[in-house]
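Please read it beside the sequence and the model.

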Amino acid sequence: MPSRHAGSDHAAITDRVKVLLPLPLTGAFDYIAGAGRPLGAGDFVRVPLGRRQLVGVVWDPPEDGGGSAGEGDAGAKGAETYALKTVTGLIEAPPLLDLQRRFIRWVAAYTLTPPGAVLRMVMSVPDALEPPKPVTAFAREPGWDAPGGFRMTPARKRVLAVLADGPPRPMDEIVREAGAGSSVVRGLQRAGALRPVHLPPPPPFAAPDWRRAGPKLSPSQAEAAAGLRAAVEKASGDGVDEGAKDGFSVSLLDGVTGSGKTEVYFEAIAKALEMGQNVLVLLPEIALSAQWLDRFESRFGAPPAQWHSELGAKARRTTWRAVAEGKVEVVVGARSALFLPFPDLGLIVVDEEHDPSFKQEDGVLYNARDMAVVRASLGAIPIVLVSATPSLETVTNAKGGRYAHLHLPDRHGGAIMPEVSLIDMRAEGPASGSWLSPTLKEALAGTLAAGEQAMLFLNRRGYAPLTLCRTCGHRLECPDCSAWLVEHRGIGRLACHHCGHSVVLPRCCPSCEDEGAWAACGPGVERLAEEAQALFPGARQAIMASDTLTGPEAAARLVRKVEGHEIDLLIGTQVMAKGHHFPLLTLVGVIDADLGLAGGDLRASERTYQLLAQVAGRAGRAERPGRVLLQTYEPDHPVMRALVSGGRDDFLDAEAEARRASAMPPFGRLAAVILSARDEAEVDRVARELSRRAPGGPEITVLGPAPAPLALLRGRHRRRFLIKAAKGFNIQGALRAWLDAATPPKSVRIQVDIDPYSFM
Ligand code: ADP
Ligand code: ZN
């Protein structure tokens, strides 16, 4: 527990305390502190709630700057209504620091969620609040003599030999080295030959070594690295508490794929470690690849701690606890890592900052990239946003001078950017039932013949996105969602990609009862693989999609196979778009470059550009030059033109102009309110009622209600409002006033999405 916080941050609160529970309730509740040691804000305590015992956090009294998220009065109300109960116990864990509590309040207020829901993300591993168990080891009792009748068996001899003159050793080590069972050790203990010793648990993470030399940087890399190092240094003046520093800064590290951005931000990490600070690196879940971890380890001599959805319960507990105790130097993780209780964070890196997966789309709807900037600002530390295709929001902030802009113009080691060209599918589309144009086929043949690797990109899992009856036109749809069932031929099922519902293909059409009239429409990666296999039977191919890779190990194995040139042709979805560096990969073919442009998504163009530029960036990363072929029906679309010309900045300028003209983000504010209920009439009634009292005025417009594009999701009918407001407008305030006055029945769920990324 970092004791230096005990004075200022941990002032004692007597008799009555507020306790915030990790539940989506209105606010903190009042409790009687009880006897024993005085409680301070941030302490983890056990309290009764109804019949349950829950762990919560002693919350600040409202006059200490609390209450910004509206949690102040709720506690008071609780005090009037119920007789106060008493805190049952104090948990032995480092308290949540003032900074962490302020962050929780900030996120809650911004996203319009109860602070308890944000606390629940912080307390994601309740087990970790229990101190780790000490390890029991055994030592030889000095001067022990075998008593009469004691049989010195060979096994007993071996155990005593293992412990002859070394330090105490834990049971599993003794058992392994002596080749004796644990009962032998216990027997010796009973006879008084060994005595148990409690050792503190070993440190769970080795420290990365910042002294190790990095690669020799090119002049532009060195310049960018110097900028980042200076930012870290400024923030971590010696002996200054995080929060009292004046080192907040945001840098955009902007460089083409393969320009060495990772090497450059490794320099910033090294600096932070040198200054004795913790570092958090956020990566989209799917970019957290074995390759990244290997690179980190070879740079710093030890792997970082990881935090992502595939982490096992034990690793999760160990990591959370070690972070809280300040025993982890570097954590690399997906968005939820932002809510780990770092005591002394000195640097945040958000790699692939444009990635839409930083937005959490259920529970607390937050954007981890944006909240990371807030976290850095509250902690007065630097944050680095990294991308080859930065978001329009970030580029606009850099242009406005709010973010430092660091450029890496060229690929490292003289590798040149791949040549991108378009295949106009209106003129040279393939025959029906086939998805590869003649030009792409020819390019594939050439690449494979030259002993190089190729990649085919199609952002659609499964075999076919639609199955319909040839006789009557009936489409197989999910019963619970407004979505088609996607055929996955590999596992012989059709699945809903929204709720997971799955069925085997029925023999007869449920509508006209005709047998065997099913037609698979459109391609998914499985179908594309089938076509490629028929064309190039000699090529060793593999599919890379989230459903064909069962976990990080399978992904790592496949990546190693590609690296080792055991694969010639890789076919996959966006999971293969990022992070990977395959030197022999020289051809990338994009099957349907227009796929992401359809629909009413505000960022459709921007995202399509980002995704395709990332995919294209896999080609020709080493000595051999790369080519990229994009199959498109819209060769004149600004996205396609920008991809061919490499004119990213012109594209972003045009995109910015269009958004400015319509006052859309980042030049205006946007929020969505989604109502859902099992009963359609009910959801419509509440929507109409809300609509009557919707805020309006020169600075705010409420559009809707309208059925959401996914009008039915998991059996719930959905209606959407879209709220547009001027840039400086307090959209949260207006929404709170509007929605707080509503009294919807429990069956209708109201979800607020500030800065929506999904328009479904
Ligand atoms: P980015 O993150 O911009 O895509 P990387 O940092 O992955 O780029 O660099 C691409 C490749 O070039 C990696 O294999 C990396 O190790 C190598 N590389 C980059 N800069 C250097 C350097 N200065 N010296 C040696 N290798 C480098
Ligand atoms: Zn469904």
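At 43% relative accessibility, Arg489 is partly exposed, a class lying between buried (under 20% relative accessible area) and exposed (over 50%), with a 1.4 Å probe and protein chains only. The side chain of Arg489 meets that of Glu487 in a salt bridge, 2.8 Å from N to O; the term means a side-chain nitrogen of Lys or Arg within 4 Å of a carboxyl oxygen of Asp or Glu. Glu487, at 12% relative accessibility, is buried.

This is a predicted model, in which local features need pLDDT of at least 70 and side-chain atom pairs count only at pLDDT 80 or more, while totals for chains, interfaces and linings use all residues. Residues are numbered from 1 along each chain as its sequence is written, chains are lettered from A and ligands numbered from 1 in the order in which they are written, and side-chain values use heavy atoms, with hydrogens and water left out.

**Other salt bridges**

- Side chains of opposite charge can pair when their charged atoms come close.
- The search of the whole structure gives 38 salt bridges.
- One of them joins Asp254 to Arg648, with 2.7 Å between the closest N and O atoms. This pair links distant parts of the chain, 394 residues apart: Asp254 is in strand β12 (residues 249-255) and Arg648 in helix α20 (residues 648-661). Helices (H or I, at least four residues) and strands (E, at least two) are DSSP runs, numbered from the N terminus.
- Asp254 is buried at a relative accessible area of 3%, and Arg648 is buried at 12%.
- Glu606 and Arg659 form a salt bridge through their side chains, at 2.6 Å from N to O. Glu606 belongs to helix α18 (residues 604-616) and Arg659 to helix α20, so that distant parts of the chain, 53 residues apart, are linked. Both Glu606 and Arg659 are buried.
- Asp60, Asp98, Arg101, Arg102 and Arg105 are joined into one network by salt bridges that share partners.

- The division of the chain is domain 1 (8-100 + 111-123), domain 2 (135-199), domain 3 (219-412), domain 4 (415-460 + 523-657), domain 5 (463-522) and domain 6 (669-754); the bounds come from an automatic or database domain assignment.
- The centres of domain 3 and domain 4, taken over C-alpha atoms, are 28 Å apart. Domain 3 gives 25 residues to the contact and domain 4 gives 34 residues, where contact means heavy atoms within 4.5 Å.
- About 2,300 Å² is buried between domain 3 and domain 4, with 52% of this area from carbon and sulfur atoms. Buried area is the accessible area (1.4 Å probe) that two parts lose on being put together, summed over both.
- Between domain 3 and domain 4 there are 4 salt bridges.
- Across this interface, 15 residue pairs are in polar contact, both residues at pLDDT 80 or more. A polar contact is a pair of N or O atoms within 3.5 Å; within protein, one must be able to donate a hydrogen and the other to accept it, and residues adjacent in sequence count only if both atoms are side-chain atoms.
- On the side of domain 3 that touches domain 4, α10 (290-300) and α13 (392-399) each supply at least two residues. The largest share, 4 residues, comes from α13.
- That side of domain 3 divides into 9 nonpolar, 8 polar and 8 charged residues. Ala, Val, Leu, Ile, Met, Phe, Trp, Tyr, Cys and Pro count as nonpolar, Asp, Glu, Lys and Arg as charged, and the others, Gly among them, as polar.
- Arg560 and Asp294 form a salt bridge, with the closest N and O atoms 3.3 Å apart.

**Arg335**

- Arg335 sits in the loop between β15 (330-333) and β16 (345-351) and is partly exposed at 25% relative accessible area.
- Setting aside residues up to four places away in sequence, Arg335 touches Leu282, Ser357, Phe358, Lys359, Gln360, Tyr366 and Ala368.
- The side chains of Arg335 and Gln360 are joined by a polar contact of 3.1 Å.
- Leu282 is 53 residues from Arg335 in sequence, and 6.2 Å separates their C-alpha atoms.

- Thr447 is in helix α15 (residues 438-449) and is buried at 8% relative accessibility.
- A polar atom of the Thr447 side chain lies 2.9 Å from the backbone oxygen of Ala443.
- Thr586 is in strand β28 (residues 585-590) and is buried, with a relative accessible area of 4%.
- Beyond four places in sequence, the contacts of Thr447 include Glu452, Gln453 and Thr586. Among those of Thr586, counted likewise, are Thr447, Glu452, Gln453 and Arg624.
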